[in-house]
Amino acid sequence: MLATLTAFAITSAARLLTGARALWLGSTAQATQRLYYANHSSHGDFVLLWASLPPELRRSTRPVAGSDYWLSSNLRRFLIRDVFNGVLVDREQRSPQANPLQSMLDALGQGDSLILFPEGTRNLTDEPLLPFKSGLYHLAQARPDVELVPVWIANLNRVMPKGRALPLPLLCTLSFGAALERIEGESKDAFLERARNALLAMAPEEA
C-alpha cells in the first residue's frame with residue numbers, strides 16, 4: 001500500500017511540476033513489449049518517462065538503474081525496488097565473469113518492458129547526445145521480438161538544473177518515435193549510429 005501511494009504521489013508531482021506532455025509521434029501507447037531508449041541529462045529522466053506512460057503500460061515497464069546509486073540508502077532502495085520495480089545493473093562490474101546485461105535479459109524474459117539510457121551516463125556537455133554504449137545492440141540481438149522505441153525528453157535539464165532545489169516553470173515534452181526497424185546482418189557500429197540518429201530525429205530544433 002505504501003509503495004502504491006508513493007508511486008501515485010511521485011507520478012502526480014512529476015507531471016504537475018514539469019507540465020509533462022507525452023507526444024506519441026511514431027508509435028502508439030499500446031501494450032506491446034518494448035525497450036524505450038532515451039536521452040539522459042537529468043536524474044529525473046526515468047521518473048518522468050515512467051510517469052508519462054499510461055497506467056496500464058507503467059505497470060509492466062521497468063527503469064534500468066545503477067545499483068551503486070540506488071542501493072546506497074534505505075530510501076533509495078525502497079523507491080527503486082518497491083515503487084519503480086527497477087532493474088538494477090552493476091555499473092562497476094565487480095565480477096568479470098558476470099554478464100552486465102543479465103538482469104535486463106531476465107526482465108525481458110518475464111515479459112516486462114524497459115526504460116534504458118544508452119549514453120550510459122548523464123550528458124552534461126553541449127552535445128545533444130553522447131555516443132551510445134553497446135548494451136542496446138546486444139539487447140536487440142538477444143531479443144529481436146522486443147520493439148525499440150526512441151523517446152526524446154525535452155527541457156527537463158532546464159526545469160531542474162544542476163544545483164537548484166526548486167524546479168523552474170518550463171514545459172517538458174516526451175516525444176515517442178517509431179519503433180526502430182531491424183536490419184539483418186547489421187554491424188554493431190552501424191546499428192548504434194542508426195539508433196542514435198533515430199533518437200536525435202525526435203529532438204526539437206532548440207534541443
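**Buried residues, salt bridges and ring pairs**

Q: What does R194 count as at 22% relative accessibility?
A: The model is predicted: local features need pLDDT of at least 70, side-chain atom pairs count only at pLDDT 80 or more, and totals for chains, interfaces and linings use all residues. Residues are numbered from 1 along each chain as its sequence is written, and side-chain values use heavy atoms, with hydrogens and water left out. Buried means under 20% relative accessible area, exposed over 50%, and partly exposed in between (1.4 Å probe, protein chains only). At 22%, R194 is therefore partly exposed.

Q: Which residue meets the side chain of R194 in a salt bridge?
A: A salt bridge needs a side-chain nitrogen of Lys or Arg within 4 Å of a carboxyl oxygen of Asp or Glu. The structure holds four of them. For R194 the N to O distance is 2.8 Å, and its partner is E186.

Q: How many residues apart in sequence are the parts that R34 and E147 tie together?
A: Another salt bridge joins the side chains of R34 and E147 at 2.9 Å, N to O. R34 is buried at 1% relative accessibility, whereas E147 is partly exposed at 26%. Helices (H or I, at least four residues) and strands (E, at least two) are DSSP runs, numbered from the N terminus. R34 lies in strand β2 and E147 in strand β6, so the separation in sequence is 113 residues.

Q: What kind of aromatic pair do Y37 and F132 form?
A: Rings of Phe, Tyr and Trp (its six-membered ring) pair if their centres lie within 6.5 Å; planes under 30 degrees apart are stacked, over 60 edge-to-face, and the rest tilted. Y37 and F132 are both buried. Their centres are 6.0 Å apart, with 85° between the planes, and the pair is edge-to-face.

Q: Over the ring of which residue does the charged end of R76 sit?
A: A charge sits over a ring if NZ of Lys or CZ of Arg is within 6 Å of the ring centre and within 35 degrees of the ring normal. The ring in question belongs to a cluster linked by ring pairs, which includes F46 and W50. R76 is 3.9 Å from the ring centre of Y69.

Q: Which residues does T6 touch, not counting those up to four places away in sequence?
A: T6 is found in helix α1, residues 2-18. T6 is buried, with a relative accessible area of 18%. By contact (heavy atoms within 4.5 Å), the residues that T6 touches are F78, L79 and V83.
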